[in-house]
Amino acid sequence: MTHIQLHDDVLEILIANAPVNALSAAVRQGLFKAIADAQDDAAVKAIVIRGDGKFFSGGADIAEFDEPSVEPWLPAVVDAIEASAKPVVAAINGTALGGGLEVTLGCHYRIAVPSARLGLPEVKLGILPGAGGTQRLPRLIGAAAALDMIVSGDPIPASKAQELGLIDRLASEDSLLAEAIAFARSVDGPRRTGDRKVSADPELFERFASDNARKITGLDAPKACIEAVKAAVALPIDQGQKVEQSLFATLVAGDQSKALRHVFFAERAAARIDGLPKDLARRPIRKVGVIGAGTMGGGISMNFLSAGIPVTIVEMTAEALDRGTGLMRKNYEATAAKGRLKPEQVEQAMGLLTPTLDFGALADCDLVIEAVYEDMDVKKEIFARLDGIAKPGAMLASNTSYLSIDEIASATTRPQDVLGLHFFSPANVMKLVEVIRGAKTAPDALATGMDLARRIGKVPVVSGVCYGFIGNRMLIPRQDHAMALLLEGATPEQIDRVHTGFGMPMGPFQMYDLAGVDIGWHRDPERIETIREALCAKGRWGQKTKAGFYDYDDRRKASPSPVVAEIIDQFRAKAGVSPRAISDAEIIVRTLYTVVNEGAAILEEGIAQRASDIDVVWIYGYGWPRHKGGPMIWADMAGLQSIIDGLDRYSAHLGPDFRLSPLLQRCAREGTPLDR
Ligand code: 3H9
């Protein structure tokens with residue numbers, strides 16, 4: 001876990017705890033002992049601390065937060081380093097995060113390779129740097145710069161760290177240790193950051209909080225970070241550290257941190273496919289074909305182009321092809337105008353695109369993704385055609401949001417090569433990709449799909465075949481109940497407010513308006529059976545027509561619509577419903593608890609591999625607030641029995657098809673978390 005080696009009069013302490021040198025109990029013990037022993041060893045004049053491999057350290061071991069703590073605690077280790085009578089130099093060989101950076105802050109000097117990145121990402125886990133980071137960083141780089149780093153949690157490159165005074169010097173990539181040893185011999189003795197004082201403009205903290213209000217509203221950790229940095233300015237280090245530790249203890253025990261830590265591990269677990277050997281050979285994907293240059297096809301193509309993978313895009317008419325590729329260019333140029341892409345990168349990406357009307361041009365693609373509209377017959381026809389054209393071993397994917405991959409695969413002679421790659425709209429922006437495993441999908445095709453999604457910067461989650469897969473199937477009860485609640489007496493504004501108040505980026509009706517109220521509409525204005533059909537018949541198709549469930553002004557600002565209120569009234573009258581007052585609590589039960597219940601059913605049927613995969617789907621596909629961890633862990637934390645009780649309370653309104661998930665009932669009864 002730690003190794004020591006004496007280089008003449010300089011002691012090297014190496015942190016070796018693959019994969020990221022997390023500061024687990026054994027590492028802390030090793031560091032503590034090595035520092036203590038060095039104090040009594042006359043042969044040691046100075047000390048260098050370094051990480052093994054490509055990380056200095058990824059910080060405290062996050063998995064240990066849920067276990068009984070083992071001494072020495074990290075703050076004591078960092079204090080012991082700082083108290084060393086012999087100079088200590090941190091040789092930062094790679095990324096130093098969280099507790100890893102705090103260890104370097106306890107050191108008297110810091111030298112880093114140019115490729116190192118330094119950060120305090122604790123806030124992203126709902127905690128704060130709890131080993132002196134909030135006290136020492138401001139003393140080293142000033143309160144304003146420290147606030148930026150601690151509250152954003154974003155790492156900075158070594159060059160920036162040097163500018164800020166966080167590191168003393170840069171070393172060359174291949175001679176860090178030698179340079180660190182020479183540096184350690186050359187210094188004047190210990191130089192303790194904790195002895196410094198830091199002052200700040202008294203208005204800094206309020207100004208910072210109000211400038212960042214939008215990002216930190218409702219979150220406990222950023223507020224605590226600001227408090228802790230304030231204490232660094234106001235108090236001597238030992239008292240400041242007490243404030244830091246007390247804030248840390250409160251945060252780490254809180255629900256927000258528990259949820260955020262869950263998400264950290266959930267994201268990584270989602271990459272694993274149960275029952276598949278890790279070293280399974282992947283299929284090489286050098287060229288991708290996309291069928292359909294609509295919004296989805298274009299967005300999907302952009303992901304590959306941006307990652308340097310050539311794309312052949314096929315359409316039926318020249319007009320549709322030009323429209324689609326024109327939109328892709330426009331999207332790239334808009335990104336470039338914001339300074340997030342260089343003009344030459346736009347050309348580079350577009351240069352990798354081959355637009356064509358010739359289906360036969362897909363013959364040399366390693367993967368073809370079909371992105372046409374949702375019609376099983378059309379999809380089967382396309383896959384049958386593709387079967388005759390695609391080269392052997394090519395992967396054939398559908399971007400369907402709902403339809404059966406098994407039925408689509410049955411149109412080919414190679415169902416083992418067929419899978420779903422369900423991108424979310426807008427496909428060039430949204431991170432989630434559901435990778436749909438058909439009954440006959442080959443393991444290497446599935447694993448290749450997962451890897452490829454990661455290669456283009458997405459977060460892939462495996463789903464089995466069912467109507468709507470994981471995400472959209474769970475969305476159905478939410479949208480259905482939102483509609484039913486309108487009829488019973490709620491307004492779109494009330495329902496959306498409950499959802500945004502919960503932390504979702506938008507509510508069910510705002511989502512309809514953004515996506516298009518007319519999606520899936522039969523296009524017959526005479527046939528009006530639902531509120532949605534009534535809106536569609538009136539041309540209220542959402543934001544794109546400046547009217548949907550809300551009215552929109554020229555700047556897309558929404559306001560409640562009297563026309564919609566009247567349509568809802570007419571439907572109530574027709575159904576003989578006299579509107580009743582709907583409580584926010586009922587909205588939560590009917591539009592969120594029902595989602596949890598559907599998630600439990602999905603888990604039970606084995607559509608999702610694990611509960612945490614469902615959470616990842618909702619965070620990356622639907623904007624579920626990260627600090628609430630996803631619907632499954634949220635239900636666990638609320639108490640599964642309370643979810644069941646809520647559903648029972650409104651059982652009269654849940655409809656004849658509602659079925660309480662047996663898995664939900666069993667887990668509630670046994671007091672276990674929702675999982676298979
Ligand atoms: C802290 O330091 C608190 C202190 O202030 C106060 C204490 C008193 N712990 O991401 P990867 C695992 S809080 C445990 O795929 P990459 C990870 O789960 C901590 N495990 O690699 C995965 O396991 P598996 C502040 C960790 O190269 C494997 O390592 N630090 C930790 O893409 C590889 O991870 C952070 O928040 C950890 N700290 O990225 C940093 N870190 O293979 C969190 C990683 O079984 N970590 N693992 O799935 C990261 O941001 C990235 O992992 C890192 C590497 C950039 C380091």
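In what order do the strands of the open sheet of 6 strands run? The order is β1-β2-β3-β5-β7-β10. The model described here is predicted.

## The six-stranded sheet

The sheet is open, and its pairing is mixed. Two strands stand at its edges: β1, residues 2–7, and β10, residues 169–170. Each has a single partner strand, so one side of each is left without a neighbour in the sheet.

Further in, β3 and β5 form a parallel pair. Strand β3 covers residues 46–51, and strand β5 covers residues 88–92. The two are joined over 4 bridges.

Across it, Val288 stands opposite Val311 of β12.

How do the side chains of β12 sort themselves? In a regular strand, side chains alternate between the two faces of the sheet. Strand β12, residues 311–314, sends Val311 and Ile313 one way. Thr312 and Val314 point the other way. All four residues are buried.

## The ligand site

The ligand has a shell of 25 residues. The closest are Gly58, Gly99, Glu102, Glu122 and Arg268. By class, the shell divides into 15 nonpolar, 5 polar and 5 charged residues. Two helices each supply at least two shell residues: α3 (99–106) and α12 (255–270). Helix α12 gives the most, with 3 residues.

A nitrogen atom of the ligand lies 2.9 Å from a backbone N or O atom of Ala60. A polar backbone atom of Gly130 is 3.1 Å from an oxygen atom of the ligand. The side chain of Arg272 places an N or O atom 3.1 Å from an oxygen atom of the ligand. On its own, the ligand has 1000 Å² of accessible area, and the protein covers 72% of this.

## Two cis peptide bonds

Where do the cis prolines sit? Pro72 is in the loop between β4 (55–57) and α2 (74–83). The cis bond there joins Glu71 to Pro72, with omega about 0 degrees.

Pro426 belongs to the loop between β16 (418–423) and β17 (432–436). Its cis bond comes from Ser425, and omega is near -10 degrees.

Asn21 is not a glycine, yet its phi is positive, at about 55 degrees. This residue lies in the loop between β2 (10–15) and α1 (25–40). Is Asn21 buried or exposed? Asn21 counts as buried, because its relative accessibility is 3% and the cut-off for buried is under 20%.

Arg523 also has a positive phi without being a glycine, here about 70 degrees. The loop between α21 (508–515) and α22 (531–537) holds Arg523. Its relative accessible area is 45%, so Arg523 is classed as partly exposed.

Two loop residues on either side of α25 are worth a look. Ile607 is in the loop between α24 (584–604) and α25. At 10% relative accessibility, Ile607 counts as buried. What touches Ile607, once neighbours within four places in sequence are left aside? The contacts are Val462, Ser463, Gly464, Val465, Cys466, Ile470, Arg473 and Ile602. Gly464 is 143 residues away along the chain, yet the C-alpha atoms of Ile607 and Gly464 are separated by 4.3 Å.

His627 is in the loop between α25 (611–622) and α26 (631–638). With a relative accessible area of 18%, His627 is buried, because the cut-off is under 20%. Leaving aside neighbours within four places in sequence, His627 is in contact with Gly218, Leu219, Asp255, Gln256, Ala259 and Leu260. Helix α12, a contributor to the ligand shell, spans residues 255–270. Among the contacts of His627 are Asp255, Gln256, Ala259 and Leu260.

Notes:
Residues are numbered from 1 along each chain as its sequence is written. This is a predicted model: local features need pLDDT of at least 70, side-chain atom pairs count only at pLDDT 80 or more; totals for chains, interfaces and linings use all residues. Side-chain values use heavy atoms; hydrogens and water are left out. A residue is near a molecule or strand if one of its heavy atoms lies within 4 Å of it. A polar contact is a pair of N or O atoms within 3.5 Å; within protein, one must be able to donate a hydrogen and the other to accept it, and residues adjacent in sequence count only if both atoms are side-chain atoms. Accessible areas come from the Shrake-Rupley method with a 1.4 Å probe; for residues, only the protein chains shown count as cover. Ala, Val, Leu, Ile, Met, Phe, Trp, Tyr, Cys and Pro count as nonpolar, Asp, Glu, Lys and Arg as charged, and the others, Gly among them, as polar. Buried means under 20% relative accessible area, exposed over 50%, partly exposed in between (1.4 Å probe, protein chains only). Contact means heavy atoms within 4.5 Å. Two strands pair if DSSP finds at least two bridges between them.
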